[in-house]
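Subject: Structure handover

Hello,

Here is the structure you asked for. Please open it first, then read my notes beside it.

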Amino acid sequence: MLDLLAQTGLNAVYAASYISLVAVGLVLIFGVMGVINFAHGELFMAGAYAIVALYAGLNVPFFLAVAAGLLFVGCLGLLMEKALFRPLKDNPLGGLVASIGFLMILQALAVMGFGVRMVHIPPVTQEVIAFSEKVRLPVARLYVIIAAIVLLSALWYFLKRTKFGWALRASAQDPEAAALQGISITQTARIAMFIGAGLAGIAGALTAPLVSVNPHMGHSVIVTAFIVIIVGGVGSLEGAIVASVAYALVHTFVTTFWDGVLADIVGLSLMLLVLIVKPTGLFGSADRA
Amino acid sequence: MLLEMKNIAVNYGKINAIRNISVAVPEGKIVTIIGGNGAGKTTTLRAMSGMLPITAGEITFEGKRIDHLPAHKVVANGIAHVPEGRRIFPDMTVEENLRTGAFLRKDKEAIEADLEDVFKRFPRLRERRTQMAKTMSGGEQQMLAIGRALMSKPRLLLMDEPSMGLAPVIVEEIAQIVEEINANGLSVVLVEQNAELALELADYAYVLETGNAAMEGPADELHGNEHVRAAYLGL
Ligand SMILES: Nc1ncnc2c1ncn2[C@@H]1O[C@H](COP(=O)(O)OP(=O)(O)OP(=O)(O)O)[C@@H](O)[C@H]1O
Ligand SMILES: [Mg+2]
């Protein structure tokens with residue numbers, strides 16, 4: 001029994017790790033840009049296909065391919081900022097609709113480039129850490145957990161301790177007031193898009209050998225993403241990040257210990273609770289709504 | 001002139017918010033813009049700091065055209081704006097708010113010295129250094145907004161209704177601070193509905209009425225003016 005608990009716990013930590021990376025990127029983009037990026041799941045997918053192309057296709061060493069995936073998807077984020085979100089800044093629904101269009105383009109490109117079938121990716125490592133006979137952690141999963149801890153800690157440090165991190169938080173809390181301090185909102189938007197997209201990309205890249213890579217793999221992210229934005233959209237970026245990591249943990253624990261349907265119910269209940277207790281959760285801090 | 005605004009117009013869509021407004025700010029002086037609700041005071045100030053595009057006229061600061069610059073570049077030129085409603089960053093600490101005011105500066109030691117100055121001027125802010133800004137009282141938030149603006153080391157300070165919503169004692173305190181920082185050489189543009197306070201502090205005053213320049217003159221002269229007394233001082 002204890003073994004089962006420990007094993008399920010490990011699975012949950014792994015799942016929460018990559019979901020957190022995706023969710024945190026999404027709330028970062030929402031916080032700074034004020035748009036819900038519907039294409040976020042497809043950025044995750046794009047990261048996975050970077051591994052398909054580079055690691056499985058061209059035999060590029062795995063971690064080099066992961067780094068390339070991060071950069072590539074980060075640049076997709078920059079492209080979205082420049083081509084979609086900036087021109088549509090004054091249109092409240094514009095960014096959202098454009099991101100849905102971008103989602104479809106990315107999916108179509110994946111289908112055209114790689115087909116609709118699931119792609120097989122050779123395992124990165126077969127090594128397994130065995131805590132006991134029944135409690136085992138594949139090293140490939142450990143990579144994802146380590147990446148999540150390192151990247152999220154780094155992001156935390158960036159937001160709390162560096163000047164550009166403050167600029168990002170200031171832009172999320174009050175873009176006009178931030179501009180009055182000399183902060184270029186375009187620049188903070190770019191930083192947020194690069195980091196947010198890059199985190200989704202690296203999550204997709206690292207998990208690619210562990211999941212079934214297909215053009216529709218981003219879909220499952222959307223529901224989670226929505227809930228995270230609503231639960232997390234409480235004004236401060238750090239608050240949103242804590243909320244999204246907490247949500248990812250709760251959701252994946254419930255999924256692994258019970259099942260996914262119950263996890264969604266618990267997630268939605270949490271969301272309702274947030275909306276009842278703090279209605280401004282819906283669209284960030286009160287003065288922004 | 002430190003700042004010169006000539007024949008400015010600003011539109012919100014088709015609505016003409018201000019027309020043909022000219023304001024001149026001499027070095028080292030306090031200039032005030034008074035007027036009732038919706039007269040166009042905030043619009044004028046936001047045009048100065050690049051927050052709103054102008055549709056006519058020109059603005060020069062220290063002889064340089066600044067009317068085409070976006071807000072974040074105007075700050076770089078030495079103009080700090082304490083916006084209406086304070087607009088501090090609610091989920092940042094007092095110290096983070098202040099340091100964000102120095103975002104464009106690279107002179108690390110001078111920043112520390114200026115932070116110390118702000119803390120000396122506003123001891124409450126030092127006490128609350130690590131507190132989230134949103135948990136502070138209205139008066140403290142106004143002080144934080146002023147402190148944040150000072151952290152950019154400006155040569156001109158724009159203030160939009162610093163007395164709004166504050167108790168008389170706090171208003172008095174803020175007024176004293178405005179006088180002090182002006183005495184230290186900082187030029188100020190003060191927008192106020194509280195005309196009594198504004199005319200007392202300022203050297204020169206402009207009166208706006210529904211988007212138009214209604215009157216201007218030395219502050220003490222306007223204080224004695226019949227129309228101003230009746231319309232704005234309730235005398
Ligand atoms: N964002 C906006 N969109 C449309 N019209 C606006 C906007 N902001 C202000 N206005 C209009 O422009 C005019 C001037 O407004 P402004 O805010 O400059 O007045 P004010 O003198 O600062 O008033 P108050 O003392 O109430 O702050 C008003 O008629 C106002 O309704
Ligand atoms: Mg106003």
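Thr256(A) is partly exposed, because its relative accessible area is 31%. Bear in mind that this is a predicted model. Thr256(A) sits in helix α10 of chain A, which covers residues 237-257. Leave out residues up to four places away in sequence, and Thr256(A) touches Thr8(A), Asn11(A) and Ala12(A).

Next, the place where the two chains meet.

Chain B brings 22 residues to the contact and chain A brings 21. The size of an interface is often given as the accessible area lost when the parts come together. Here, about 2100 Å² is buried between chain B and chain A. Carbon and sulfur atoms give 60% of that area.

How many salt bridges are there between chain B and chain A? The count is 4. In one of them, the side chain of Arg169(A) meets that of Glu96(B), at 2.8 Å from N to O. On the chain B side, α2 (71-76) and α3 (94-101) each supply at least two of the residues that touch chain A. Helix α3(B) gives the most, with 4 residues. By type, the touching side of chain B has 10 nonpolar, 5 polar and 7 charged residues.

Now the metal.

Which protein atoms hold the magnesium ion, ligand 2? The donors are OG1 of Thr42(B) and OE of Glu84(B), at 1.9 to 2.1 Å from the ion. Thr42(B) is in helix α1 (residues 41-48) of chain B, and Glu84(B) is in the loop between β6 (79-82) and α3, so the pair ties together parts that are 42 residues apart in sequence. Glu84(B) counts as partly exposed, because its relative accessibility is 33%.

Thr43(B) is also in helix α1 of chain B. Is Thr43(B) buried or exposed? Thr43(B) is buried, because its relative accessible area is 8% and the cut-off for buried is under 20%. Setting aside neighbours within four places in sequence, Thr43(B) is in contact with Val10(B), Tyr12(B), Ala17(B), Ile18(B) and Leu52(B).

On to the salt bridges.

Side chains of opposite charge can pair when their charged atoms come close. The whole structure has 19 salt bridges over all chains.

- Arg99(B) and Glu112(B): their closest N and O atoms are 2.9 Å apart. The pair links helix α3 to helix α4 (residues 108-121) of chain B, across 13 residues. Arg99(B) is buried at 18% relative accessible area, whereas Glu112(B) is partly exposed at 41%.
- Lys153(B) and Asp114(B): the side chains meet at 3.6 Å, N to O. Lys153(B) is in the loop between α6 (138-150) and β7 of chain B and Asp114(B) is in helix α4, so the pair ties together parts that are 39 residues apart in sequence. Lys153(B) is partly exposed at 48%, and Asp114(B) is buried at 13%.
- Glu140(B) and Arg128(B): the side chains meet at 3.7 Å, N to O. Glu140(B) lies in helix α6 of chain B and Arg128(B) in the loop between α5 (123-127) and α6, so the pair ties together parts that are 12 residues apart in sequence. Glu140(B) is buried at 7%, while Arg128(B) is partly exposed at 22%.

Salt bridges that share partners also join Asp174(A), Glu176(A), Arg46(B) and Arg87(B) into one network.

Last, two backbone angles.

Most residues other than glycine have a negative phi. Glu161(B) is not a glycine, yet its phi is positive, at about 45°. Glu161(B) is in the loop between β7 (156-160) and α7 (168-183) of chain B. With 7% relative accessibility, Glu161(B) counts as buried.

Thr210(B) is not a glycine either, and its phi is positive at about 35°. Find Thr210(B) in the loop between β9 (204-209) and β10 (212-218) of chain B. Thr210(B) counts as exposed, because its relative accessibility is 61%.

Best wishes

Conventions: Residues are numbered from 1 along each chain as its sequence is written. Chains are lettered from A and ligands numbered from 1 in the order in which they are written. This is a predicted model: local features need pLDDT of at least 70, side-chain atom pairs count only at pLDDT 80 or more; totals for chains, interfaces and linings use all residues. Side-chain values use heavy atoms; hydrogens and water are left out. Contact means heavy atoms within 4.5 Å. Buried area is the accessible area (1.4 Å probe) that two parts lose on being put together, summed over both. Ala, Val, Leu, Ile, Met, Phe, Trp, Tyr, Cys and Pro count as nonpolar, Asp, Glu, Lys and Arg as charged, and the others, Gly among them, as polar. Donors are N, O and S atoms within 2.8 Å of the metal (3.2 Å for Na, K and Ca); water is not among the atoms, so sites may look incomplete. Buried means under 20% relative accessible area, exposed over 50%, partly exposed in between (1.4 Å probe, protein chains only).
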